[in-house]
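Good morning, and thank you for coming.

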Amino acid sequence: MSNTSLTIELQPAERAQLEKWESSHGTLQQVAMRCRIILRAVAGHPNATIAGELAVSRPTVLLWRKRVREKGIAALWEVVPGRGRKPDINQAKRARIIKATLQSKPKGI
């Protein structure tokens, strides 16, 4: 990857939205981290500095700079398919459990 930092230009409303997402209790931690990366990038911090401050890799900083520059701040919420923990229980088994829970009483009550 290149050593030059991609510049990101945000509207004041977009910057305010990133700050809101970063501090919101309902924001996924991965999205909050992406917001921190972009806010530091917009402030002019070098990639290596951002990576060091946030304990992420430099390629991660470059990746999010590029995505936000190409797709806008909504890209911060995109999760690549196949990422994250896989469900332990498939949908059919989950449906049976919910049905049994809602339609029966525990024995002894």
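Let me first state what we are looking at. This is a predicted model, in which local features need pLDDT of at least 70 and side-chain atom pairs count only at pLDDT 80 or more, while totals for chains, interfaces and linings use all residues. Residues are numbered from 1 along each chain as its sequence is written, and side-chain values use heavy atoms, with hydrogens and water left out. The helices (H or I, at least four residues) are DSSP runs, numbered from the N terminus.

I return to Ala55. It sits in the loop between H3 and H4, and it has its positive phi although it is not a glycine. For background, most residues other than glycine have a negative phi. With a relative accessibility of 70%, Ala55 counts as exposed. Here buried means under 20% relative accessible area, exposed means over 50%, and partly exposed lies in between, using a 1.4 Å probe and protein chains only.

Now to helix H3 itself, residues 47-54. Which of its residues are buried? They are Asn47, Ile50, Ala51 and Leu54. Viewed down the axis of H3, these buried residues fall within an arc of 100 degrees, so they line one face of the helix. That arc is taken from the directions from the helix axis to the C-beta atoms. The face turned away from the buried side carries the exposed residues Ala48 and Gly52. As a general point, an α-helix has 3.6 residues a turn, so residues three or four places apart point the same way.

What do the buried residues of H3 pack against? Their partners are helix H2 (29-42) and helix H4 (58-71), where contact means heavy atoms within 4.5 Å.

I shall take H2 next. One of the buried residues in H2 is Leu39, with a relative accessible area of 11%. Leaving aside neighbours within four places in sequence, Leu39 is in contact with Arg15, Leu18, Glu19 and Glu22. Just after H2, Gly44 takes a positive phi of about 95 degrees.

How do H2 and H3 meet? They pack at an angle of about 145 degrees, with their axes 10 Å apart. Axes are lines fitted to C-alpha atoms, for helices over the stretch in contact, and angles run from 0 to 180 degrees between N-to-C directions. The contact is made by Met33, Arg36, Ile37, Arg40 and Ala41 of H2 and by Ile50, Glu53 and Leu54 of H3.

Finally, consider H4. In this helix Val61, Leu62, Trp64, Arg65 and Val68 are buried. Seen down the axis of H4, they fall within an arc of 170 degrees, so they line one face of the helix. The buried residues of H4 pack against H2 and H3. H4 is followed by Gly72, whose phi is positive, near 90 degrees.

Thank you for your attention.

Notes. Helices (H or I, at least four residues) and strands (E, at least two) are DSSP runs, numbered from the N terminus.
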